[in-house]
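The sequence and the structure are shown first.

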Amino acid sequence: LTLLAPADGRVFFVLPADDLTIITTTESPSRRAPQDARASRADVNYLLNAANHYFPAANLGYDDIVAAWAGVRPLVAPTGSPNGESALSSASREHSIVETEPRLFLVTGGKLTTFRAMAEEVVDRVGQRLPQRFRDVVTHRVPLPGGDLPDLRRAIEAVCRTVGDQPLAERLVHAYGSRWPIVIARVRAEGTAAGYLATRAPYLTGEANYCVEHELAMTLADVLIRRMRLAFEQRDHGLEIATQLANALGARFGWTAADVDSAIREYQATVERQFTID
């Protein structure tokens with residue numbers, strides 16, 4: 001749903017996310033470094049009040065929040081506008097590509113939903129500055145890894161027959177597309193790693209090995225936040241799973257006990273930094 005917040009008329013969204021719901025977004029100035037961005041209590045209250053205005057029977061409160069997070073929006077600075085919140089509201093949400101110096105392109109602004117369009121424009125601009133043989137760009141015709149999936153429903157049915165779990169089958173297909181057989185084969189190769197990472201969470205322990213070997217995951221945060229999304233779907237943000245996963249990865253990749261402890265501490269710090277409500 002696309003709705004208008006009763007407090008100020010700004011647009012916010014209510015988005016389905018499996019058995020959870022994402023209520024977003026606010027837009028508040030912050031002096032935090034990008035890596036330290038986190039949701040403020042004021043922002044959380046704003047979204048709760050807005051949602052309860054449209055869904056009073058839900059009576060949402062802090063006990064209903066599984067995770068709250070924030071990020072930094074890279075807006076193009078408006079020209080001739082004053083600093084502060086008024087400038088923030090007037091800044092364009094579009095992206096800008098400027099050749100600041102010969103053969104140096106600066107990409108500013110944009111958003112997650114336009115990253116493919118931004119990439120296409122950048123490649124086209126770069127291609128114009130390269131010899132002719134580089135200008136026949138084909139990436140717009142090449143599917144993303146796993147994107148060559150002819151029939152989503154049939155793929156889910158096939159995975160369900162393989163794993164015997166409908167929620168798991170749906171998540172595997174949505175996450176990996178046509179690569180799902182590689183993931184299942186990788187999980188089964190580990191034997192005991194075919195178990196579930198968490199109760200009521202359709203994620204397999206052995207998926208972590210796939211993320212490391214095929215998706216360049218380097219840390220527990222890479223796996224639990226940036227690949228599997230478990231940190232957003234568990235109230236402890238995957239802290240309990242992190243210990244289990246660190247030991248599993250440690251056994252698989254030859255980590256020492258000190259390496260395992262260090263990985264867990266690093267993940268704990270990341271969770272505290274990103275998911276604590278100020």
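## A salt bridge between Asp151 and Arg154

Asp151 and Arg154 form a salt bridge, with 3.8 Å between the closest N and O atoms; the term denotes a side-chain nitrogen of Lys or Arg within 4 Å of a carboxyl oxygen of Asp or Glu. Asp151 is partly exposed at 28% relative accessibility, whereas Arg154 is exposed at 56%. Here buried means under 20% relative accessible area, exposed over 50%, and partly exposed in between, for a 1.4 Å probe and protein chains only.

The model is predicted: local features require pLDDT of at least 70 and side-chain atom pairs count only at pLDDT 80 or more, while totals for chains, interfaces and linings use all residues. Residues are numbered from 1 along each chain as its sequence is written, and side-chain values use heavy atoms, with hydrogens and water left out.

In total, the structure holds 14 salt bridges. One of them joins the side chains of Glu27 and Arg73, at 2.6 Å from N to O. Glu27 lies in the loop between strand E3 (20-24) and helix H1 (41-54), and Arg73 in the loop between H1 and helix H2 (85-90), so this pair ties together parts 46 residues apart in sequence. Helices (H or I, at least four residues) and strands (E, at least two) are DSSP runs, numbered from the N terminus. Glu27 is buried at 17% relative accessibility, and Arg73 is partly exposed at 36%.

Glu213 forms a salt bridge with Arg186, the closest N and O atoms being 2.6 Å apart. This pair also links distant parts of the chain, 27 residues apart: Glu213 belongs to helix H7 (residues 207-214) and Arg186 to helix H6 (residues 180-189). Glu213 is partly exposed, at 33% relative accessibility, while Arg186 is buried, at 12%. Elsewhere, a network of salt bridges links Asp18, Arg229 and Glu233.

Three strands make up an open antiparallel sheet in the order E1-E2-E3. Strand E1 (2-4) and E3 are at the edges with a single partner strand each, so one side of each has no neighbour in the sheet. From one strand to the next, the twist averages 25°.

E1 pairs with strand E2 (residues 11-17) in the antiparallel sense over three bridges; pairing requires at least two bridges found by DSSP between the strands. Thr2 stands opposite Phe13 in E2. H1 lies across E1, E2 and E3 and runs at about 80° to E2. Axes are lines fitted to C-alpha atoms, for helices over the stretch in contact, and angles between N-to-C directions run from 0 to 180 degrees; contact means heavy atoms within 4.5 Å.
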